[in-house]
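The sequence and structure come first.

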Amino acid sequence: MNNKNHKLATKLIHAGVEPDPTTGAIMTPIYQTSTYVQAAPGDHKGYEYARTQNPTRTVLQNALAAIENGNHALCFGSGMAATDAVAKLLMPGDEVIVANDLYGGTYRIFTKVFANYGIKFDFIDMGNAENIRNYINSHTKMIWAETPTNPLLNIVDIEACAKIAKEHKLLLVVDNTFASPYLQNPLDWGADIVLHSATKYLGGHSDVVHGALIMKDAALEEKLRFIQNSCGAVPGPHDCWLVLRGIKTLHVRMQRHCENGEKIANYLRNHPKVGKVYWCGFADHPNHDVAKKQMRGFGGMISFTLKDDNIEAAMSVLKKTELFSLAESLGGVESLIGHPASMTHGSIPREERIKNGLVDSLIRLSVGIEDADDLIADLEQAIG
Ligand SMILES: *Cc1c(COP(=O)(O)O)cnc(C)c1O
């Protein structure tokens, strides 16, 4: 089914999904196969080899395109594989302008892998999108933004970036992992490509690693599909099925992530031992107006520092929480706590980190969908 007039909650359940043509199974089967029998060479049902196409993946791709208001989606074995595919649109000598507060793995693939192929990356503050103009030259091909950013929850104005990208014929890529399609649809604000680590909110149950790209433009989709098939970083059908299953409850989960996030952000802000709290729902967040414009809620990702700003104090909190499990990743039903400086962002040099506000005592929470009172009690006993 694919009805563009349906609202998100309906699309999440039905978009792209049809009863299985062979049995009528309401749930899309896991087509665990590597190849498809042909009646004669070239005489097949649209499926030849499973790196190129798989029916479980096709259904998920159609669903993802619908929920991000795109026309096409492509799935990958991880969020990083999706990033890798986008970067392969570039040629030696090309330049990319990247938001300086972003997922550590994205920073790593750009600086440690693609820089070796002669591609230049400028990491800049995109809090004011106009700053992008200072870095555009004749080699610039792409703008890469994450919003809200990881882990400082900065907000980038997608519409303003898209305007600059269009003026200079640059591709605007937005990593929408933190917001999920429930809170934000970057294509609606003019982005060319939306990237997801479906490992996070889309999958939602911490049981799969998966990535996706969504776009409107058919020519761009064809280039990226060529890379997907040529380079081969495709997900297996079981992983596609897990993501498809996850997105059916995205709206219900996100609603609770947002409610719990708000309660915990306010609790932390009033705690005498807590220093700065980063959450884009606060009215005095530097880009709160932009967040209000482009997002439908503020999510469950929160970072905070301690007034006693040292690594030992942070480590003590990390060791004491019980409901908040110490782990990398985010976006699952269970609450997680992490220390960006030594975990997700360990690959960014210390001076770079500190310069961008990612201090040693920073703690990041992925607030789950448990009872908010229990979560607050857990933080209370850990922070002391
Ligand atoms: C996790 C994450 C990625 C990378 O995705 P994987 O599925 O782990 O490869 C990219 N961007 C953001 C914002 C992430 O949180």
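## Sheet, ligand site and helices

Residue L336 stands opposite S366 in β12. The model is predicted, so local features need pLDDT of at least 70 and side-chain atom pairs count only at pLDDT 80 or more, while totals for chains, interfaces and linings use all residues. Residues are numbered from 1 along each chain as its sequence is written, and side-chain values use heavy atoms, with hydrogens and water left out.

Strand β11 (residues 336–338) and strand β12 (residues 363–366) run antiparallel and are joined by 3 bridges. Strands here are DSSP runs of E with at least two residues, and helices are runs of H or I with at least four, numbered from the N terminus. Two strands pair if DSSP finds at least two bridges between them. The open sheet has 5 strands in the order β8-β9-β12-β11-β10, and its pairing is mixed. Its edge strands, each pairing on one side only, are β8 (274–278) and β10 (325–326).

| Residue | Atom of the residue | Ligand atom | Distance |
|---|---|---|---|
| G79 | polar backbone atom | oxygen | 2.9 Å |
| T199 | N or O atom in the side chain | oxygen | 2.7 Å |
| K200 | polar side-chain atom | oxygen | 2.7 Å |

Taken alone, the ligand exposes 380 Å², and the protein buries 93% of that. Accessible areas come from the Shrake-Rupley method with a 1.4 Å probe.

Helix α2 (residues 55–67) has 13 residues, which at 1.5 Å a residue should span 18 Å; its end C-alpha atoms are 19 Å apart, which agrees. The expected span is 1.5 Å times one less than the number of residues. Among the buried residues of α2 are P55, R57, Q61 and I67.

Helix α13 (residues 372–383) contains D374. D374 counts as partly exposed because its relative accessibility is 45%. Between D374 and L323 there are 8.1 Å in space, C-alpha to C-alpha, and the two are 51 residues apart in sequence.

Methods: Polar contact = N/O pair within 3.5 Å; in protein donor to acceptor, adjacent residues only side chain to side chain. Buried < 20%, exposed > 50% of the residue type's maximum accessible area, 1.4 Å probe, protein only.
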